[in-house]
Amino acid sequence: MHPAPSVIFFTVFSGLGFGFLAWLGVGMPAPQGWAAFPYYFVAFAMAVGGLIASTFHLGNPKNAIKAFSQWRTSWLSREAVMSVLTLVVMGLFAAAIIFFNTPIAVLGIIGAVLALITVYTTSMMYAQLKTVPRWNHWTTSALFLLLALGGGAILAANSFGTILLIGLAALAQIYVWDAGDRRFGARGHTMETATGLGRIGKVRMYEPPHSGTNYLLSEMVYVVARKHAIKLRIIAFVLAYLVPMVLAILSGPAFGTYIIALVAHVVGLLAQRWLFFAEAEHVVGLYYDKR
Amino acid sequence: MTQLPQTTDKKLGLVIDLDTCVGCHACVISCKGWNTENYGAPLSDIDAYGADPHGTFLNRVHSFEVQPDTGGCAQTVHFPKSCLHCEDAPCVTVCPTGASYKRSEDGIVLVNEDDCIGCGLCAWACPYGARELDQLAGVMKKCTLCIDRIYNENLPEVDRVPSCVRTCPAGARHFGDFADPDSNVSKLTAERGGMDLMPEQGTKPVNKYLPPRPKDTLEEVDASAPILTPVSDTPKGFLGWLDKALEAL
């Protein structure tokens with residue numbers, strides 16, 4: 001799949017933003033009055049910034065308001081509805097804290113739950129796709145949720161949360177990479193099933209339908225630069241998981257080191273998300289003898 | 001509405017005969033022509049006269065080579081591919097705006113371009129590469145089964161079939177109603193073992209592909225044998241008398 005920068009930024013930053021909102025919603029940390037403003041500003045800037053980035057991926061964004069209508073069947077529509085609902089609830093929660101110094105605990109807990117549901121709906125846009133076997137598994141959602149909570153813990157400067165959740169995310173990541181590498185083959189999608197010609201024998205491409213490229217190939221059969229995948233996996237794993245965990249273990253509650261942990265985590269996550277798309281193989285590639 | 005209909009009154013679709021298709025791409029061109037000049041946003045081309053031309057097509061012909069398991073020569077199979085108008089169309093349910101829908105009256109899967117935001121998720125959800133986002137219009141394009149031909153009473157009756165079917169010079173494409181067991185397409189599917197593409201995806205495609213018929217295999221023959229074998233060992237009649245008479249001399 002084509003690793004579009006807009007979608008990479010969207011999933012990384014909205015995940016972090018909603019993860020941080022979940023921590024703020026349960027009062028960890030619980031800043032009061034105007035001191036709370038920077039916390040909520042960072043959380044909202046990431047969540048909203050990510051959502052705005054996602055609209056750059058649209059071919060016809062003038063109809064974007066209609067994306068709230070099909071929540072009965074569409075995970076993308078559910079994601080739109082849930083993100084706005086979360087932002088409204090957490091906006092009210094933040095306003096009560098900043099302007100009136102009164103945390104409304106119930107509102108915060110509802111907001112935290114909504115924030116995690118939002119991250120889940122984001123993950124399901126990918127995990128629902130049978131056409132991309134690497135994504136089509138519940139561990140895709142588990143990793144998105146653990147990363148949102150773990151990234152939120154770094155933003156919340158919570159050492160125990162960082163160690164636990166980033167640690168769990170790291171374990172999930174190892175499984176996701178390892179199992180993902182084998183799932184396309186395990187699902188049994190081949191050129192023979194794609195063409196139905198397997199009953200005769202072995203199929204190979206004789207001539208593609210055109211000499212140039214097309215939307216399908218550039219969007220869904222992205223095969224460039226996968227040769228660096230192993231190096232990028234190591235970079236992503238060290239920066240997104242190991243560095244924040246080590247810093248959280250060594251420094252405990254020292255705020256300054258969390259800035260370094262956050263920078264490392266975000267850079268690592270950008271590499272991880274690039275791989276998430278670049279390594280994902282769509283079954284349509286079988287019609288082009290490419291994966 | 002992106003909820004799929006439980007059942008559809010008709011199941012309009014295509015049968016594509018892989019044994020008959022000669023790979024001429026006439027269906028590709030007629031599809032592009034009809035769908036550029038008629039319903040919805042035209043199918044744009046990018047860099048059409050330049051070094052790297054590409055564009056939007058709703059129908060593309062792939063060509064494959066199959067090496068039979070039983071031995072013998074490899075077979076070339078030309079393989080036209082367009083929307084299969086699946087009964088369980090995954091492209092419809094993922095649509096966030098309701099632009100994608102499957103008609104309950106005839107099962108045709110369509111995009112309402114006025115509602116489409118061009119997010120591309122439906123193209124991701126389709127295993128067959130049947131949907132392409134038009135790079136100029138920014139909206140999703142797909143086969144409409146020429147809905148503006150098949151019900152169009154301004155056209156002569158012979159033309160009320162999809163453009164690809166009308167134009168196919170080999171007669172490899174057939175249009176009809178799969179819900180009617182006596183229709184041409186239902187009969188062809190039953191007779192020739194019409195098959196689904198990537199059935200393991202669970203999409204239940206309406207369009208069926210007729211597999212190439214088994215090829216003849218040559219018997220082992222000694223090419224010179226028929227010439228050298230004596231026509232008759234024991235001549236009869238006049239030749240038999242002559243033979244005996246000459247022997248007696």
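This is a predicted model: local features need pLDDT of at least 70, side-chain atom pairs count only at pLDDT 80 or more; totals for chains, interfaces and linings use all residues.
**View 1. Helices H1(A) and H5(A) cross with their axes within 7 Å of each other.** The crossing angle between H1(A) and helix H5 (residues 138–155) of chain A is roughly 65°; axes here are lines fitted to C-alpha atoms, for helices over the stretch in contact, and angles run from 0 to 180 degrees between N-to-C directions. Helices (H or I, at least four residues) and strands (E, at least two) are DSSP runs, numbered from the N terminus. H1(A) is therefore roughly perpendicular to H5(A), on a scale where under 35 degrees is roughly parallel, over 145 roughly antiparallel, 65 to 115 roughly perpendicular and the rest oblique.

Residues are numbered from 1 along each chain as its sequence is written, with chains lettered from A and ligands numbered from 1 in the order in which they are written.

**View 2. Domain 1 of chain A meets domain 2 of chain A.** The domain assignment, automatic or from a database, places domain 1 at 1–128 and domain 2 at 155–291 of chain A. Their centres, taken over C-alpha atoms, are 23 Å apart. On the domain 1 side 12 residues are in contact with 16 residues of domain 2, where contact means C-beta atoms, placed from the backbone, within 7 Å. Helix H1 (residues 5–25) of chain A gives the most to the domain 1 side, with six residues. That side has 10 nonpolar residues, two polar and no charged; Ala, Val, Leu, Ile, Met, Phe, Trp, Tyr, Cys and Pro count as nonpolar, Asp, Glu, Lys and Arg as charged, and the others, Gly among them, as polar.

**View 3. An open sheet of three strands in chain B has the order E10-E1-E11.** Its pairing is mixed, and two strands pair if DSSP finds at least two bridges between them. Strand E10 (173–177) and strand E11 (208–210) of chain B are the edges, each pairing on one side only. Neighbouring strands are turned by 25° against each other on average, direction ignored. Strand E1 (residues 12–17) of chain B runs parallel to E11(B) over three bridges, and B:Val15 stands opposite B:Lys208 in E11(B). Helix H6 (residues 184–192) of chain B packs on the sheet and touches E1, E10 and E11 of chain B.

Key. Two residues are in contact if their C-beta atoms, placed from the backbone, lie within 7 Å.
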